[in-house]
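Open the model in your viewer and turn on the cartoon.

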Amino acid sequence: MKKLPLRRALVGAVALGAVVTLASCSPTPAADAPASESSTTDAGARVAISYDGGILVLDGETLETVADFDSEEFTRLNPAGDDRHVMVTMSEGFQVLDTGAGSSDDAALTDTVFAADTPGHVVRHGGKTILYADGTSDTTIFDTADLAASDGLPEVETIAGVEAHHGVSIVLEDGTFLTTVGNADGRNGIVVRDADGAEIASSDQCPGVHGEGTAANEVVVFGCEDGALVYADGEITKLSAPDQPYGRMGNAYVSESSPIIVGDYKNDPDAEGYLLGAVTLIDTEALTYEVVDLPEGAEYTFRDVARGPGELAYILGSDGAIHVLDPESGEITDTYPVIDAWEGPAEWQDAHPAIVVAGDIAYVTEPAANSVHAVDLTTGEVLASTELEVTPNEIAPAAG
């Protein structure tokens with residue numbers, strides 16, 4: 001396998017051009033715009049919701065809108081990892097949304113942007129936030145806590161990529177760096193380097209590598225079109241899917257205190273639509289790979305699985321219910337009706353129901369009704385619902 005050169009550079013805010021303003025050809029976000037309401041006490045949880053051309057910030061308890069910002073037509077939202085900020089993928093890079101959660105500050109779509117050519121995955125682990133640029137395969141790393149403490153961009157570490165591809169990287173607590181390998185023609189594996197840049201391990205046995213998740217004891221899993229790669233203690237293990245040559249896991253849903261990763265699963269490369277009817281269960285201690293078929297009505301997309309209380313998995317099914325999956329047994333242990341039944345999207349970017357979790361609370365979008373719901377995952381009770389004036393698309397929580 002071709003060795004990847006590694007270049008690490010500490011880059012200060014000045015070197016990056018601390019403030020990047022979005023091009024005038026796209027709608028200009030309101031820089032540091034205040035929330036529509038202010039508060040003199042610390043706000044609790046907040047929820048960010050993207051819609052066509054804008055982003056809402058909702059109160060996590062009442063679901064009332066506390067801020068509304070202009071944005072580009074389609075944006076992706078990812079928690080930054082500090083329970084307050086959200087990374088918004090804009091054309092110029094990752095723009096920082098301050099939800100105001102856990103503070104007395106107003107929500108603001110700041111003018112702080114981590115420049116990136118085609119911003120992609122955001123990973124949070126070990127007190128670090130890791131940003132990946134698909135257009136260059138560069139990785140940007142910063143201490144998550146520095147985001148709130150810095151005026152503008154915090155100090156970052158940049159690891160230069162080699163060949164551009166849709167990829168992802170992660171940094172472990174000892175500085176071990178894992179990143180995907182690929183180019184414009186495809187992706188085929190990962191490389192692992194220590195904190196000094198020396199290669200520890202690599203594998204090219206992961207066609208279509210996509211998605212990453214870290215389980216208990218910092219075991220990392222990457223999905224493949226024929227199984228998965230598991231990295232632990234300096235070694236990579238390939239696990240094969242039961243369906244060959246195509247049994248794809250592309251997204252990992254993890255609890256970092258559980259050894260079991262829940263992944264999505266698809267075994268027909270020619271299947272139309274985005275609804276899936278089975279999940280992958282990977283035991284990172286036993287090194288087993290199991291596929292579990294879900295009951296009728298529990299079909300889902302990549303936006304419809306989250307981990308929550310009890311290290312369980314919560315799947316928002318096409319029947320409108322949250323199906324509670326025990327990863328250890330592979331059994332559905334409970335079902336909570338929440339929204340009306342729905343159909344899968346024509347394109348993955350299209351607005352369709354999604355679920356995210358903050359603590360014991362799940363936030364569920366219902367685009368067909370322009371609504372958002374808060375659900376207590378310990379009881380299944382719908383605690384709050386709100387109807388918006390826009391159609392919700394992406395969603396990200398900030399626990400406060």
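Through how many residues does a hairpin join E6 to E7? The hairpin runs through two residues. Note before going on that this is a predicted model.

**Stop 1: the E6/E7 pair**

Select residues 85-90 for strand E6 and residues 93-98 for strand E7. The two strands run antiparallel, and six bridges join them. Pick Val-88 and look across into E7: its bridge partner there is Gln-95. Then pick His-85, which stands opposite Asp-98 in E7.

**Stop 2: the side chains of E6**

Stay on E6 and show its side chains. His-85, Met-87 and Thr-89 point one way from the strand. Val-86, Val-88 and Met-90 point the other way. Are these residues buried or exposed? Both sets are buried. E6 is thus mostly covered, with six of its six residues buried.

**Stop 3: across to E5**

E5 pairs with E6 in the antiparallel sense, over four bridges. Pick Pro-79; its bridge partner in E6 is Val-86. Next, follow the hairpin of E5 and E6, which has five residues between the strands. Stop at Gly-81 in this hairpin: the residue takes a positive phi near 110°.

**Stop 4**

**Stop 4: the disulfide**

The structure holds one disulfide. Which residues does the disulfide join? Select Cys-206 and Cys-224; the S to S distance is 2.0 Å. The torsion about their S-S bond is about -105°, so the disulfide is left-handed. The pair links distant parts of the chain, 18 residues apart. Cys-206 is in the loop between strand E16 (199-203) and strand E17 (210-214). Cys-224 is in strand E18, residues 220-224.

Finish with a surface view of both cysteines. Cys-206 counts as buried, because its relative accessibility is 0%. Cys-224 also counts as buried, at 0% relative accessibility.

Note on methods
Residues numbered from 1 in each chain as written. Predicted model: local features only at pLDDT ≥ 70, side-chain atom pairs only at ≥ 80, totals over all residues. Heavy atoms only, no water. Pairing = 2+ DSSP bridges. Buried < 20%, exposed > 50% of the residue type's maximum accessible area, 1.4 Å probe, protein only. Disulfide = S-S within 2.5 Å.
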